[in-house]
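Thanks for asking me to look this one over. Please have the sequence and the coordinates open as you read my notes.

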Amino acid sequence: MFAMEPLHKRINSTSHAECPVKGNHAYGMGYDSTSDDYKILKIDVDIDDGRKVSSEILALKNVSRRKIDRHPSDICYVLSGGNSLAFVHGAFHWLGFSQNYSMVSFSISNEVYKEIQLPEQICLGSMYNKFDVSVLEGMLCVYSTSIRKQSTFSFWLMKDYGVKESWTKLFTIRDTEIYLAIPKYRFADGEVLLRCIHAESCGPLFRTSKGPFGLWPQGDIFQDGFVFTESLISPKLLT
């Protein structure tokens with residue numbers, strides 16, 4: 001059973017005058033195999049109304065920049081400012097909210113929106129939870145951090161793309177000090193490297209799903225990490 005449905009019936013047009021001037025934004029970069037080109041998607045969402053969206057896409061081969069006028073009309077975008085959009089299976093992914101939480105996908109080739117169903121625990125999430133989506137080992141991931149009396153971080157992995165039943169909860173961490181956790185990398189033994197922000201810490205800390213990560217220096221300075229795959233393709237070939 002595939003849990004993806006076209007959103008073209010729920011698309012409306014947004015003029016340039018309606019574009020939000022304040023709010024969260026996110027970027028994503030992916031390869032379009034149809035046009036043999038790398039593209040960057042930028043999304044801006046009004047901080048007061050998640051349905052007011054402005055998007056544009058940049059194609060690197062011919063350095064063309066174009067505004068996207070159509071967006072799902074009944075879904076509020078839920079973006080975590082500063083995080084990159086998850087890109088897998090030729091589409092960008094981010095979270096949205098209508099009656100419940102869901103995941104929105106946007107095809108890089110034909111620019112079609114679809115909706116991917118989330119685990120029930122995420123769909124029925126409360127205002128005390130922080131949600132986001134990422135990609136690990138080519139698979140979609142969704143995670144939540146509950147910020148009640150005892151913080152709880154939960155992590156799900158979609159083993160078969162688009163199949164709701166394939167969502168698998170890999171682990172849960174209960175830590176009273178965690179305010180936010182972001183998965184960064186999955187090791188060969190299945191452990192997941194997390195970038196954590198603690199309620200009483202000035203800077204982020206790194207740990208794994210099983211405990212402290214001693215190889216990364218800890219401190220009160222701002223640190224982040226990015227995973228990339230080396231390529232023999234020169235960026236100069238795109239010009």
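The points below go from the overall fold to the cores and then to the aromatic rings.

1. A word on the source before anything else: this is a predicted model.

2. The chain has 239 residues, and 44% of them are buried. Its accessible surface is about 13,500 Å², with 53% of that belonging to carbon and sulfur atoms. Of the contacts between residues at least 6 apart in sequence, 42% join residues at least 24 apart.

3. The largest nonpolar core has 17 residues, and the members touching the most others are L41, I43, Y77, L85 and W94. Two or more residues of this core come from each of strand 4 (37-46), strand 5 (53-59), strand 10 (91-97) and strand 11 (101-107). Strand 4 gives the largest share, three residues.

4. Do look at the second core too, which is separate and has 16 residues, including L95, I122, C123 and M158.

5. The aromatic side chains deserve a point of their own. There are ten aromatic pairs in the count. In one of them, Y185 and F187, the ring centres are 5.1 Å apart and the planes meet at 80°; planes over 60 degrees apart count as edge-to-face, so this pair is edge-to-face.

6. Finally, one aromatic cluster is formed by Y143, F153, F155 and F171.

Definitions and conventions
Residues numbered from 1 in each chain as written. Predicted model: local features only at pLDDT ≥ 70, side-chain atom pairs only at ≥ 80, totals over all residues. Heavy atoms only, no water. Core = buried A, V, L, I, M, F, W, Y, C linked by side-chain atoms within 4.5 Å. Buried < 20%, exposed > 50% of the residue type's maximum accessible area, 1.4 Å probe, protein only. Helix = DSSP H or I, 4+ residues; strand = E, 2+ residues; numbered from the N terminus. Contact = heavy atoms within 4.5 Å. Areas by Shrake-Rupley, 256 points an atom, 1.4 Å probe, with all protein chains shown as cover. Phe/Tyr/Trp six-rings, centres within 6.5 Å; stacked < 30°, edge-to-face > 60°.
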